[in-house]
Amino acid sequence: MQDELARLVSAWPAADHTPAAVHLHVLRGLPDDGAPVHRPGGLLRYLLRDVPPAPDPGSMPGTTASRSVSEPSGPLRPLRPPPPVQPTHRPP
């Protein structure tokens with residue numbers, strides 16, 4: 001599995017995707033209902049198998065040709081909200 005995942009991951013930079021774009025793509029593919037992931041390697045393999053073409057940096061507003069920007073494939077979903085912060089107890 002390790003060799004297969006390494007091959008899948010290496011295809012993304014070869015298609016001009018940044019590491020941050022790959023990370024965001026994987027995060028957006030995680031279950032957002034808190035469901036446990038029983039086979040994380042299989043989920044990662046599924047998420048990384050289809051590499052979308054990187055968008056043309058000059059065609060996106062607010063970008064320059066020297067900066068590579070990549071969008072994740074698939075529909076955009078809101079990210080899970082962060083867990084609530086527990087107040088720390090301070091002795092009087």
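Predicted model: local features only at pLDDT ≥ 70, side-chain atom pairs only at ≥ 80, totals over all residues.

Helices here are DSSP runs of type H or I with at least four residues, numbered from the N terminus.

Helix 1 itself covers residues 2-14, and its 13 residues reach 19 Å from the first C-alpha to the last, close to the 18 Å expected at 1.5 Å a residue. Its buried residues are Leu5, Leu8 and Trp12, and because they cover an arc of only 65 degrees around the axis, they fall on the same side of helix 1. An α-helix has 3.6 residues a turn, so residues three or four places apart point the same way. On the other side of helix 1, by contrast, Gln2, Asp3, Arg7 and Ala14 are exposed.

What lies over the buried residues of helix 1 includes helix 2 (19-29) and helix 3 (40-48). The largest nonpolar core has seven residues, namely Leu5, Leu8, Trp12, Val22, Val26, Leu47 and Leu48; helix 1, helix 2 and helix 3 are the elements that give two or more residues to this core, and the largest share, three residues, comes from helix 1. Leu48, when its neighbours within four places in sequence are left aside, is in contact with Leu8, Val9, Trp12, Val22 and Val26.

A polar atom of the His17 side chain lies 2.5 Å from the backbone oxygen of Pro52.

Note on methods
Residues numbered from 1 in each chain as written. Heavy atoms only, no water. Expected span 1.5 Å × (residues − 1). Buried < 20%, exposed > 50% of the residue type's maximum accessible area, 1.4 Å probe, protein only. Arc of directions from axis to C-beta. Contact = heavy atoms within 4.5 Å. Polar contact = N/O pair within 3.5 Å; in protein donor to acceptor, adjacent residues only side chain to side chain. Core = buried A, V, L, I, M, F, W, Y, C linked by side-chain atoms within 4.5 Å.
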